[in-house]
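The sequence and the structure are shown first.

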Amino acid sequence: MKYFSVFILFAFIIVSSPHAETDIPTTYETPELVRLTDDNTQLDANMSRTTEIYTDLMWAAYCSTREPQSQKSQNAYNALIKKLVSDDDFSEVLPKNELSFIFAQRAKLRLSKWQHPVGAEADARMSLELDPESVNAAWILGKTLADRYLFPNTTRDINKETEIFTALQRVVKLDPDHHDAHLYLGSIARDLGHPELAINSFKALTRIIPFRAQYHNELGKLYENQNRHEEALDSYERVLTISPDDINAHYSVGIAYQLKNNFEKAEHHIKRAVALLEERVNISRMARMRSRDRRMLAQRLQDARYQLAQVYLRFDAPQKAVSNFEDILSNDGKNVPALIGIGIAYQMLDDVQRSENYLRKAIESSSTEEPDAYNALGYLYAEQGIKLDEAETLVRRALKSFPTSGAYLDSLGLIYLKQGKLDAAIEKLEQAVRYLPDELEILGHLADAYLEKGLDQKALQTLEHAVQIEPDNTEFRQKLNTIRSSK
């Protein structure tokens with residue numbers, strides 16, 4: 001019967017071709033017709049029925065190629081399926097995989113423009129029942145389930161989510177290169193909190209279409225959220241290979257290098273992001289752009305400048321940090337994070353007066369409690385050994401918002417150390433170390449507190465830990481050698 005279907009299709013093409021007559025001789029003898037015997041009567045009936053079905057199928061397929069007549073195609077498939085299911089022997093007329101194809105095609109039409117999603121789901125299930133290996137039917141079912149039960153709803157249904165994942169995973173198992181299924185699966189898994197499944201899908205997409213920067217970018221963000229910084233960095237660098245002026249990739253690569261303590265590369269990439277954003281902002285002033293988009297672009301530039309300033313603070317370049325914070329404040333004089341940042345930068349430059357002024361302005365400019373500002377000003381006073389009572393009040397106010405902040409506990413411990421309250425200082429600094437075990441500044445304060453208390457062995461252990469973290473730190477090595485030589 002399969003061979004017959006090929007014959008019918010071939011005949012249809014020949015008849016409909018305008019060039020079909022070119023190779024036919026102009027004169028020929030008509031062969032004598034052979035009358036069917038009684039034994040061939042059933043065969044003749046089956047052939048007629050099959051011819052009728054394939055003719056209807058070709059008409060339905062033809063209509064589906066005409067977008068304005070999609071309803072005509074659906075009507076054609078409706079009539080064809082009605083004819084098939086009304087025939088008790090329809091499963092003998094067509095192979096199951098071809099019947100599956102017909103149901104899958106109608107499911108696709110029903111899903112188009114959201115005409116009949118319930119019917120699309122039913123047809124996709126029937127198609128898979130007839131042919132469990134049908135990639136097309138599996139994909140239509142997965143997409144239909146996702147569109148019906150996931151995207152329109154705000155409440156989560158775990159059972160439906162599981163069914164959607166199962167359906168989409170079935171597609172990519174049948175066809176590992178199915179781009180759309182991987183994209184649906186990866187996006188849904190990402191949004192619903194299944195990072196490993198999302199990573200696998202976007203990895204597949206980078207294999208299927210390796211030069212689409214979007215997929216490497218998505219993969220980088222997924223790795224970044226999982227603290228897999230090396231893999232994130234590799235993904236973002238692939239983005240830059242494909243699209244050298246991708247702002248988000250430069251920004252992300254810069255942050256990744258910052259985490260790797262690579263100052264030069266961190267500075268280079270975030271500076272590049274700032275430069276590209278500045279170009280876009282300048283263009284937006286001349287171009288016709290919605291005010292909302294212009295504001296969003298300006299905010300992105302402010303964020304990139306802030307991140308660059310943070311790189312300079314981290315790598316002990318406070319003067320460069322001041323310059324970037326000033327750029328931010330020239331556009332927004334009450335930007336609280338920038339006011340805090342520039343205050344810390346001036347503290348690093350030993351300009352106590354400017355540092356205090358900016359930090360107080362940060363507190364005044366904030367419409368809500370700003371714990372970082374309170375802590376920064378309290379720490380400034382503690383480090384200078386001035387206004388220690390006010391410093392304690394400020395830091396305690398910060399700790400009300402974040403009682404487990406290692407940085408805030410360190411500030412309070414340093415205040416107690418400067419006040420000579422050694423037991424309280426050690427208690428707070430030990431708490432700070434529990435939250436931030438590898439922070440050198442906190443370890444240094446704790447070692448000082450132990451030494452003041454006469455706990456040389458604990459001070460020695462603390463400094464040894466610090467030197468393991470940063471072997472080239474001369475300050476800690478000198479303290480360590482002093483303790484050892486005194487024994």
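In this predicted model, helix H6 (residues 117-130) packs on helix H7 (residues 135-149) with an angle of about 150 degrees and axes 9 Å apart. Since angles over 145 degrees count as roughly antiparallel, H6 and H7 are therefore roughly antiparallel to each other. The crossing in which H6 passes H7 is left-handed. On the side of H6, the contact is made by Pro-117, Val-118, Ala-120, Glu-121, Ala-124, Arg-125, Ser-127 and Leu-128. H7 contributes Ala-137, Ala-138, Ile-140, Leu-141, Thr-144, Leu-145, Arg-148 and Tyr-149. The ring of Tyr-149 also has a charge placed over it: the charged end of Lys-160 sits there, 4.1 Å from the ring centre.

The table sets out the geometry of the two pairs.

| Helix pair | Angle between axes | Distance between axes |
|---|---|---|
| H6 and H7 | about 150 degrees | 9 Å |
| H15 and H16 | about 160 degrees | 8 Å |

H15 and H16 are likewise roughly antiparallel to each other, and H15 passes H16 in a left-handed crossing. Residues of H15 in the contact are Gln-302, Arg-305, Tyr-306, Leu-308, Ala-309, Gln-310, Tyr-312 and Leu-313. They meet Pro-318, Lys-320, Ala-321, Asn-324, Phe-325, Asp-327, Ile-328 and Asn-331 of H16.

Aromatic pairs number 7 in the structure. One of them joins Tyr-306 and Phe-325, whose ring centres are 5.9 Å apart and whose planes stand at 65 degrees, so the pair is edge-to-face. How accessible are the two partners, Tyr-306 and Phe-325? Tyr-306 has a relative accessible area of 27% and is partly exposed, whereas Phe-325, at 0% relative accessibility, counts as buried. Elsewhere, Phe-263, Tyr-312 and Phe-315 form one aromatic cluster; Tyr-312 is also among the H15 residues in contact with H16.

Two further residues illustrate buried positions within helices. Asn-375 lies in helix H19 (residues 371-384). Is this residue buried or exposed, with a relative accessibility of 11%? Because buried means under 20% relative accessible area, Asn-375 counts as buried. Beyond residues up to four places away in sequence, Asn-375 touches Val-395, Ala-398, Ala-407, Tyr-408 and Ser-411.

Ala-432 belongs to helix H22 (residues 422-435) and counts as buried, with 0% relative accessibility. Its contacts, leaving aside neighbours within four places in sequence, are Gly-406, Leu-409, Asp-410 and Ile-442. The C-alpha atom of Ala-432 is separated by 8.5 Å from that of Gly-413, a residue 19 places away along the chain.

At the level of the whole protein chain, the secondary structure comprises 25 helices and 0 strands. The chain has 487 residues, of which 43% are buried. Contacts between residues at least 6 apart in sequence include 51% that join residues at least 24 apart.

Key: Residues numbered from 1 in each chain as written. Predicted model: local features only at pLDDT ≥ 70, side-chain atom pairs only at ≥ 80, totals over all residues. Heavy atoms only, no water. Phe/Tyr/Trp six-rings, centres within 6.5 Å; stacked < 30°, edge-to-face > 60°. Buried < 20%, exposed > 50% of the residue type's maximum accessible area, 1.4 Å probe, protein only. Lys NZ or Arg CZ within 6 Å of the ring centre and 35° of its normal. Axes fitted to C-alpha atoms, helices over the stretch in contact; angles between N-to-C directions. Helix = DSSP H or I, 4+ residues; strand = E, 2+ residues; numbered from the N terminus. Parallel < 35°, antiparallel > 145°, perpendicular 65-115°, else oblique. Left-handed = near helix turned anticlockwise from the far one by under 90°. Contact = heavy atoms within 4.5 Å.
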